[in-house]
Amino acid sequence: MTTSIFLLILSLIALYIGADWLVRGSSALAARANISPLVIGLTVVAFGTSAPELIVSLNAALHGQGDIAIGNVVGSNIFNICLILGVSAIIHPLQAKTQLVKKDIPIMIVATILFTILFWNGKIGRLEGLLFFTGIVVYTFYSLYFARKHNKESNLSSEEKVKLGSGHWYVDVLFLIGGLAVLVFASQLLVDNAVSLAKSFGVSEAVIGLTIVAAGTSMPELATSIVAAYKKNPEIAVGNIVGSNIFNLLAIVGTTALVHPINAPQVNYIDLLVMLGASILILPIARTGYKINRWEGVGLVIIYVGYTFYLLRDVL
């Protein structure tokens, strides 16, 4: 068991490094295309920081571990909203732009409702996967179109491009490819040892997916949003979370189900309702003065702590 814990920690560190390289390369390339910080947060950074969830869920589904695949997605979305947004808001109140409140958060809620309905029987087939995958393609193209349409507002200064990029486009591409390679290796290491730990502690793969795996694969989002909040850059902090949750539901579930239908009977309706409730809750919070205040952040963290205790009640 000691070896499994060590390898699990090692895989989480590798996932963080891989995601960091991927975000660095992809963000720099996006900046060269004059995409705004908000759209970079909603798409490129969100997709890059969600890459660990994609690779882990895909690996798990291919090995017949559907509970880890879906538990990872559901748990990550709960972790993103309740813990990451909560902690980020405690560090510095987060300003939510009108675009987020009127467009992106409602899209996240619709995607969550759709997933909850289609997964209520514990299964996601290829047809549902195609629906989700089509959704992420449409959302991505719409976001990029919106950015181009408002190009005057979205242009980055030369200084911002230098900060995001390395100065050479081919170095950014190498970061992107290297990050993906590290993510593939680390994800397999994470899944193998998470399953081993689940058996050692006598808990279900779903619980491991909803807690350890979900928290581990969400480390890039945690680091990105907290640093953004500390540097008083709420566009990246909030956009990263909303975009990541949309990506988790549409791209990860969609891609994974297309490659291999998912069966996850141990992820139950309570987990789905907590994810749905947290997603819906963020809209009125963000609409109040278009800001997520510190006390609202504390409330989100309390919800996550309570949910985690519920999951681990038998172990504790």
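What share of the 316 residues in the protein is buried? Buried residues, those under 20% relative accessible area (1.4 Å probe, protein chains only), make up 54% of them. The model is predicted: local features need pLDDT of at least 70, side-chain atom pairs count only at pLDDT 80 or more, and totals for chains, interfaces and linings use all residues. Residues are numbered from 1 along each chain as its sequence is written, and side-chain values use heavy atoms, with hydrogens and water left out.

The mean pLDDT (the predictor's confidence in each residue, from 0 to 100) is 83, and 87% of residues reach 70 or more. Over residues 158–162 the pLDDT is below 50, and this stretch has four contacts (heavy atoms within 4.5 Å) beyond near neighbours in sequence.

The protein has 14 helices and four strands, taken as DSSP runs (H or I, at least four residues, for helices; E, at least two, for strands) and numbered from the N terminus. Of the contacts with a separation of 6 or more, 86% are between residues 24 or more positions apart.

Aspartate 271 lies in helix α13 (residues 269–287). Aspartate 271 is buried but has no salt bridge, a term for a side-chain nitrogen of Lys or Arg within 4 Å of a carboxyl oxygen of Asp or Glu. Arginine 313 is the nearest side chain of opposite charge, 7.8 Å away; here Lys and Arg count as positive and Asp and Glu as negative, while His and the chain ends are not counted. Leaving out residues up to four places away in sequence, aspartate 271 touches Val74, Ile78, Leu210, Gln266, Tyr307 and Leu311.

Terms used: Buried means under 20% relative accessible area, exposed over 50%, partly exposed in between (1.4 Å probe, protein chains only).
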